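Hi,

Here is the structure I promised to pass on.

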Amino acid sequence: MVASRTPHWIQNLGLSSGKIAPVIPLARGITVHPLDTILKPQSIAVVGASRHEGSIGREILHQLIEFDFHGKLFPVNSKADFIHSIKAFPSVASIPDPVDLAIIVVPRGEVLSAIDDCGKKGVTGLVVITAGFSETGEEGKEFESQLAERVRQYGMRMIGPNCMGVINTDPAVRMDATFAPTLPLAGRIAFMSQSGALGVAILNIARQLGIGFSYFVSLGNKTNVSGNDLLQYWEDDPQTDLILMYLESFGNAKKFMQICRRISKRKPLLVVKGGRTEAGVRAATSHTGALAARQGLDVATGALLEQCGVVRVNTVEELFDLAMAFSKNPLPRGNRLGILTNAGGPAIMATDAATALGLSMATFSERTCHELRRLLPPEASIQNPVDMTPQSDRSKYDACAQILLEDDGIDMLLVVFVPPMMINAMDIIRGLEQLRHKYLKPVVGVIMATEEFFVELNRDHPNHMALYIFPESAVNALAALNHYREWREKPLGECKRFEVRKGAADEIIQEAQQQGRSELSGEESLRLIGCYGIPVAESIPAANPEELKRVARDLRFPVVLKAVAPDLIHKMDIGGVITDLRSPEELVAAAEKMTESVIRHRGGTAAAGNLGFLMQEYVRGGREVIVGMSHDPKFGPLVMFGLGGIYVETVKDVVFRVPPLTDLEAHDMIRHIRGYGLLRGVRGDAPVDFDALAEILQRFSQLAEDMPEIAEIEINPLLVFPHAADFRAVDARVRLVGDRKERA
Ligand SMILES: Nc1ncnc2c1ncn2[C@@H]1O[C@H](COP(=O)(O)OP(=O)(O)OP(=O)(O)O)[C@@H](O)[C@H]1O
Ligand SMILES: [Mg+2]
């Protein structure tokens, strides 16, 4: 029934509405995107438009008019003939002209019939402002799934529900379909917000700070159009240079990462992530799971964002600080900072902050020093930071800034101005504005002035340079620019697929599953990772002391003996690991001692009944590392690497990344642990073979990706050496999906 109602813009293309391709070539060079009807509509119906001042139905209509929407507007209201001096229609279907976008503001109970009304008309874009859906509980959730289904049936795209609207400042569109009290400034930043209220606040503050937007989208419940959809839309959008996000959840995190990785190479993405809660309490048996859970969801978020080049900020204030720097400056070519000031204190603060954040203080060329000396009074400092002394006026600022910007040894410039009585701050800024556009270098200012000054500034020069009240904020923003540049210049690396014995690995898992087990034995776990080419210590199981004696005759010594029992996790703690056994006699004696110890620790002789053993090749020396994987409820598998053995518990020196890992990411992971120096070698030790270690991490990442049946894997320790041939995993644990609620 729905298929016959073809949207007008699709009719025009001669396509049926059954299948909408993501991007439809219209003519050479022109394309229509399914989200265009929402973000670039030529006609809008406001369904639920109202005469009551202060109601959302009235405010949205008013805002659309006030911002001078470039297309046709149709208020829809069953009771009123006209609203806000415009003719109103009783239904969308009764509007004689085509309608691209319907903004739905009716009460929740009327939303579905409003959608049907839009469906009759062939409307393809919806923004549902109405709230009371999944955010309110079970009943709302049910309403939301009905809504989602209805929208899907009609082949529409919908933003919301429970959102505060959309904005496109493009002069050819000029749509402000929000109920924010201020009109937006036009600019080149696209902004999506998962929180409506915060979105409004941000629009207000942005206006005050002179930050302009290309688009603003309040995502609401993300029932149909997701954050990922928007990112892809903005990826190629010529009006957008910078993307800002306020997010509380990631939706499809894996896809989010793929998209971000790609976009970050072209446009910076700034994210402030709300909801830094602990991941759900999980009874994690492994170090990996426990560490991931302890450090909370934040671990995953941090790993994910860092890996895909997203600039993560911690507060909304910082989001503005960085948005200002990123939107008003080119990227620096390096990390060398020059500082120009008329007062010592703030410049010293800036210098400290710069050094702490990985910027370096530029060394000036001889020519720069010479010219500064010629220009400035003897009491001025011509070293970096250049302190011109308080009586410096605009001409001094202009001349010195120019000298510094000309110096090839300076990649970015910070200008500090503490206003003395006799010198006008606005004058200084005018000078810098003229100058900075001549150089392809970031220039930011610190003006330690009153609030009135900034009000005046934003009124007279809404597009002013990036300005801050405090030096630390300015330096933080410059450091973020530099950090992003470094990421952008760094190649992503290659995601290799290794030849592995997946079939054999599957068999190990299936066998355990058939026996109703959710844990693999140590021996099985080692065999499993061995299938993926990770070197493991040769291991032979023995079910009881008799079998152990039989096997002992044929072993190559020295060996290690380990206790094996179904629920035994930390063997070492109860005398369940004895190393460096050099003969069958020593081995048998060790088995007796171990049995005694385990009985003592576990109480009674019953424990001895089901005690088995594992005999393992003894690996001498080496440095112990841990390689793990655990599932985050939101992000799926996370790979962990760190110092292993006893260090895991004491120093918790580990890093997390999201698989699949590229070769460069694997190396990056290794370099990022604090104990990297230990692996590189202290006091003349040779470094471990980092290429071999990185390959193991990649093989492990492939395993984590290939096997959704695995909830957790942990190799602890993997013994690593200067020669790849010596590497051995000596202990591993694999837990399968299905024994915990969180994986349901
Ligand atoms: N085959 C081996 N060769 C040399 N040393 C070994 C071998 N197996 C174990 N070890 C040493 O014994 C320690 C404990 O071994 P293992 O990891 O098997 O016990 P565990 O009780 O599981 O320890 P954890 O709970 O810390 O994982 C290892 O960290 C390592 O130092
Ligand atoms: Mg262990």
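**Salt bridges, a covered helix and the ligand site**

Helix α18 (residues 502-514) holds both K502 and D506, which sit 4 residues apart, about one turn of the helix. The two form a salt bridge, with 3.1 Å between the closest N and O atoms. K502 counts as partly exposed, at 32% relative accessibility, whereas D506, at 17%, counts as buried. Bear in mind throughout that this is a predicted model.

Another one joins the side chains of R436 and E433, at 3.0 Å from N to O. These two are 3 residues apart in helix α15 (residues 425-436), so about one helical turn separates them. Both R436 and E433 are buried.

What about a pair from separate parts of the chain? The side chains of R266 and D236 also meet in a salt bridge (3.0 Å, N to O). R266 is in the loop between α8 (253-264) and β15 (269-273), and D236 is in the loop between α7 and β14 (242-247), so their contact ties together parts that are 30 residues apart in sequence. R266 is partly exposed, with a relative accessible area of 44%, while D236 is exposed at 54%. Both are also in a network of salt bridges that links E235, D236, R262 and R266.

E235 brings us to helix α7 (residues 227-235), which is mostly covered, with 8 of its 9 residues buried. Among the buried ones are L230, L231, Y233, W234 and E235 itself. At the N-terminal end, S226 caps α7: one of its side-chain oxygens lies 3.3 Å from the backbone nitrogen of N228.

Now the ligand. Which of the 16 residues around ligand 1 come nearest? They are K562, H570, M572, E624 and D731. Oxygen atoms of the ligand give these distances:

- 2.3 Å to an N or O atom in the side chain of E624
- 2.8 Å to an N or O atom in the side chain of K562
- 2.8 Å to a polar backbone atom of K571

The protein covers 89% of the 610 Å² of accessible area that ligand 1 has on its own. Strands β24 (559-564), β26 (612-617) and β30 (710-720) each give two or more residues to the shell. By type, the shell residues are 8 nonpolar, 3 polar and 5 charged.

M448 sits in the loop between β21 (443-447) and α16 (451-460), and is partly exposed at 31% relative accessible area.

Cheers

Methods:
Residues numbered from 1 in each chain as written. Chains lettered and ligands numbered in written order. Predicted model: local features only at pLDDT ≥ 70, side-chain atom pairs only at ≥ 80, totals over all residues. Heavy atoms only, no water. Near = heavy atom within 4 Å. Polar contact = N/O pair within 3.5 Å; in protein donor to acceptor, adjacent residues only side chain to side chain. Areas by Shrake-Rupley, 256 points an atom, 1.4 Å probe, with all protein chains shown as cover. Nonpolar A, V, L, I, M, F, W, Y, C, P; charged D, E, K, R; others polar. Buried < 20%, exposed > 50% of the residue type's maximum accessible area, 1.4 Å probe, protein only. Salt bridge = Lys/Arg side-chain N within 4 Å of Asp/Glu carboxyl O.
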